[in-house]
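Have a look at the model first, then read on.

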Amino acid sequence: MTERLSAPDTAADIELRGLLDGDELGCFVMVAGAGSGKTTSLVKALDHVVVKHGARLRARTQQVACITYTEVAAREIHTDVGNSPLAAVSTIHSFLWSLISPFQTDISNWVRCRIENEMQEIKDKQASYSSRTRDTTIAKDASALKKLGTQLQLLSEISRFTYGTGSDYAKGVLGHEDIVSMVPELILSRKLLARIVASKYPYIFVDESQDTFPNVVHALKRVATQARGAVGLGFFGDPMQQIFQRGVGAISLEEGWRRIEKPENFRSSSRVLSVVNQVRSEADGLVQVSGRPANEQEEGECFFFVLPADDRRSERLEQVRSWLSRHSKAGSWSADSADTGDGAKILMIVHRMVAKRMGFEQLYVAFHDGDSKSLKEAFDEGSAWPLKPFEEVIIPVCAADSVDSPSVISLLRQRGGVLNAESSDVDVRGSLTIARDAVAALRKVVAAAGPGSVGSSLRLAVTTGLVVPDPRLSVYLEPEGMHSEVVLSSEAKETLDAFMACDVAELQSYFKYMQQQSPYATQHGTKGSEFSKVVVVVDDEEGRYNLYSYEKLFGIKDLSEVDKKNLAAGKDSVLERTRRLLYVCVSRAVNSLAIVVFAADVVAARAAIEESKTFPYGQVLTVNDIAL
């Protein structure tokens with residue numbers, strides 16, 4: 001029995017089991033705060049259905065669907081339930097593709113409609129050209145229209161559509177964005193598809209529901225509603241931990257649905273938990289209580305600093321950690337000891353602040369200063385498609401002990417084209433020689449690094465077959481190549497131009513950061529994680545990100561007219577977004593928490609923070625205090 005399954009039941013676990021065992025399957029939303037063991041409750045529910053109702057599921061060739069956010073989480077949950085074949089645990093993209101892949105005609109019709117709509121949008125744009133329309137815009141639109149027309153012509157020749165990272169309709173390849181748009185749309189418009197989903201999955205559990213796409217939530221609700229008590233749909237999540245802008249946030253309750261609250265916090269000391277609750281107090285009203293046994297509860301410690309937002313930020317942050325190492329009960333807060341787990345994790349509002357400190361600032365600029373919103377968000381999440389060849393192949397083969405390392409050969413068999421494991425007519429000896437020479441050349445380029453080495457290393461890896469590029473990357477590198485009919489947006493091309501000019505050495509720092517192998521992190525990389533000591537750095541000016549503002553949250557700065565309108569209309573506002581981000585950050589701390597605010601007016605900021613009561617313990621410290 002795994003650790004999660006052997007964990008003591010909470011009141012929420014017991015209530016959920018009763019709902020799952022009812023005469024009619026009920027739908028529910030479990031709201032579980034940070035450190036509550038939300039995934040434990042999900043695993044317990046999944047295991048209960050498999051054990052209690054397994055015989056009925058087998059007899060009807062049915063499964064329990066469990067939808068998670070990442071492949072890592074999917075594997076972890078499936079392992080927790082003993083890899084039961086009755087539990088279909090997968091990412092949202094994989095789950096949706098499994099539903100639609102048998103219906104190739106529907107896929108073809110959807111793709112045809114999508115291409116026609118895109119063509120019509122361009123034609124409408126062309127009809128509104130003025131005499132001042134730039135020649136580059138006219139040429140770009142004409143080229144895109146021609147490519148879309150070719151895609152439409154070739155559509156009838158596609159015998160079967162497949163699913164990849166990026167789409168190439170002319171080759172029958174659908175991308176991530178296609179899947180999350182197409183499948184919910186077809187579920188909502190095809191009653192038969194909704195019935196098929198219900199007949200195959202009488203139980204559907206959704207993990208991290210707050211970050212699930214709204215259209216996916218809508219489609220799953222349609223499945224449950226149409227099934228009329230034959231499907232138990234459950235969402236496990238926490239609206240206060242919504243960190244992706246595209247996520248649905250709070251799941252609204254439909255008629256007859258049940259809200260199950262799990263208020264326990266098994267992670268944080270009592271002082272940290274008080275700050276966590278204070279941050280959440282003006283949100284949904286969920287008050288968390290310690291889930292630890294009385295003899296295991298710890299008081300912990302919290303500190304709050306307000307420092308000047310000048311050009312000495314890094315120096316002052318080191319000064320704070322030095323002061324904490326001397327005055328805290330928790331020992332060292334230094335950066336060096338963070339790698340061993342003894343130091344503090346430093347959480348920052350946006351990646352730009354970390355990028356400057358860890359040496360990938362130009363890489364950050366390449367993805368953030370362009371107009372591609374999707375690539376910008378994906379970069380922050382660590383999932384940007386232009387980075388995949390480096391993450392999956394280039395950096396690992398260059399980090400291996402030698403070009404002949406077994407790990408290099410294994411990796412190229414999985415990811416590369418030159419050693420394609422699926423091909424039966426490959427000259428193995430010749431391919432190994434080609435691969436070895438290519439890896440040796442690639443390692444030299446990466447070792448030399450320097451400006452433009454991202455582009456040179458990527459082009460070398462693609463041309464030698466070490467990397468099989470995404471269709472979008474392929475058309476960028478070779479516009480007249482095999483994926484020539486793919487339409488690459490001007491925004492994506494601009495980002496790729498800047499990316500290619502970067503130093504490949506910055507990528508190694510970026511991946512180290514995203515994999516939490518450094519003292520620094522942000523909310524995207526740490527949600528679900530916990531650390532003994534946490535420093536939360538608050539700096540609106542350095543962040544340069546108008547989606548968030550700690551100064552507005554603490555009352556240091558007045559709300560704008562737009563902010564006031566959003567609040568009055570009940571829309572997601574800068575206050576809610578910032579409160580959620582702060583909640584995620586402070587709730588990572590197990591024993592000790594320090595919040596560092598960089599402000600232009602230290603005196604005013606200190607007074608506003610003390611009045612806000614976000615920090616209920618002791619005084620707010622300034623430069624003069626920590627210099628002692």
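Helix α21 (residues 490-500) has Ala492, Thr495, Leu496, Phe499 and Met500 as its buried residues, where buried means under 20% relative accessible area with a 1.4 Å probe, protein chains only. This is a predicted model, so local features need pLDDT of at least 70 and side-chain atom pairs count only at pLDDT 80 or more, while totals for chains, interfaces and linings use all residues. Numbering starts from 1 along each chain as its sequence is written, and side-chain values use heavy atoms, leaving out hydrogens and water.

**The buried side of α21**
- Looking down the axis of α21, the buried residues fall within an arc of 130 degrees, so they line one face of the helix.
- An α-helix has 3.6 residues a turn, so residues three or four places apart point the same way.
- Those buried residues pack against α14, α15, α16, α19, α20 and α22.

**α14 against α21**
- The two pack at about 170 degrees, with axes 8 Å apart.
- α14 and α21 are therefore roughly antiparallel (an angle over 145 degrees).
- Leu363, Ala366 and Phe367 of α14 meet Thr495, Ala498 and Phe499 of α21, contact being heavy atoms within 4.5 Å.
- By class, that contact has five nonpolar residues, one polar and no charged.

**α6 against α7**
- Helix α6 (residues 104-127) packs on helix α7 (residues 135-154) at about 155 degrees, axes 10 Å apart.
- That makes α6 roughly antiparallel to α7.
- Contact residues include Ile115, Met119 and Ile122 of α6, and Leu145, Leu148 and Leu152 of α7.
- This contact splits into eight nonpolar, four polar and seven charged residues.

Note on methods. Axes fitted to C-alpha atoms, helices over the stretch in contact; angles between N-to-C directions. Helix = DSSP H or I, 4+ residues; strand = E, 2+ residues; numbered from the N terminus. Parallel < 35°, antiparallel > 145°, perpendicular 65-115°, else oblique. Nonpolar A, V, L, I, M, F, W, Y, C, P; charged D, E, K, R; others polar. Buried < 20%, exposed > 50% of the residue type's maximum accessible area, 1.4 Å probe, protein only. Arc of directions from axis to C-beta.
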